[in-house]
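Here is a short tour of a predicted model, written to be read with the structure open beside it.

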Amino acid sequence: MGGAEEEKQANEMPRSNPITQAQFLLWKRQKEADSSARKAEAARKREEDIAAGTVQMNGRELFLHEPWVFDNTQY
C-alpha cells in the first residue's frame, strides 16, 4: 500500500529548481554587497579601536598614521 508509493518517490529524481541568469546575478550582487558592508564595518571598528588605543597597530597602520616614526633622515 504505502510502501509502493514511497519506493516510487524514492526512485524518482529529485526535481531541481533552475534559476535564471537574472536571479543569479541579483543573488551575487546582494552577496557582494553584504560582504563589502561587513568588511567596511570591520575596518571602521578597527579604526575606532586603534584611535581608542585598545588594539595594537600593525606596521602598515603605524606607517600610515605616524610616518614620522619611520623617518631615517636624522641618522
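Glu61 counts as buried because its relative accessibility is 14%, where buried means under 20% relative accessible area, exposed over 50%, and partly exposed in between (1.4 Å probe, protein chains only). Glu61 is found in helix α3; helices here are DSSP runs of H or I with at least four residues, strands are runs of E with at least two, and both are numbered from the N terminus. Which residues does Glu61 touch, leaving aside its neighbours within four places in sequence? They are Arg46, Ile50 and Gln56, with contact meaning heavy atoms within 4.5 Å.

With Arg46, the side chain of Glu61 also makes a salt bridge, at 2.9 Å from N to O. This pair ties together distant parts of the chain, since Glu61 sits in helix α3 and Arg46 in helix α2, 15 residues apart. Arg46 is partly exposed, at 30% relative accessibility. A salt bridge, for this report, is a side-chain nitrogen of Lys or Arg within 4 Å of a carboxyl oxygen of Asp or Glu.

A word on the ground rules: residues are numbered from 1 along each chain as its sequence is written. The model is predicted, so local features need pLDDT of at least 70 and side-chain atom pairs count only at pLDDT 80 or more, while totals for chains, interfaces and linings use all residues; side-chain values use heavy atoms, with hydrogens and water left out.

**Salt bridges**

How many salt bridges does the structure hold? There are 4, and three of them are listed here.

| Pair | N to O distance |
|---|---|
| Arg44 and Glu48 | 2.3 Å |
| Lys45 and Asp49 | 3.1 Å |
| Arg46 and Glu61 | 2.9 Å |

Arg44 and Glu48 are 4 residues apart in helix α2 (residues 21–52), which means about one helical turn separates them. Asp49 and Lys45 both lie in helix α2 as well, again 4 residues apart and about one turn of the helix.

**The helices and the chain**

Now step back to the whole chain. Its secondary structure comes to 3 helices and 0 strands, and read along the sequence the pattern is α-α-α. Helix α2 has 32 residues and reaches 46 Å from its first C-alpha to its last, close to the 46 Å expected at 1.5 Å a residue; the expected span is 1.5 Å times one less than the number of residues. Just after α2, Gly53 takes a positive phi of about 80°.

Buried residues make up 4% of the 75 residues in the chain. The accessible surface comes to about 7400 Å², of which 55% belongs to carbon and sulfur atoms, with areas taken from the Shrake-Rupley method with a 1.4 Å probe and, for residues, only the protein chains shown counting as cover.

**A nonpolar patch**

Phe63 is partly exposed, at 46% relative accessibility. Phe63, Leu64, Trp68, Val69 and Phe70 form a nonpolar patch on the surface, with about 570 Å² of accessible area together. Patches are made of residues with over 30% relative accessible area and no salt bridge, joining like charges within 9 Å and nonpolar side chains (Val, Leu, Ile, Met, Phe, Trp, Tyr) within 5 Å.
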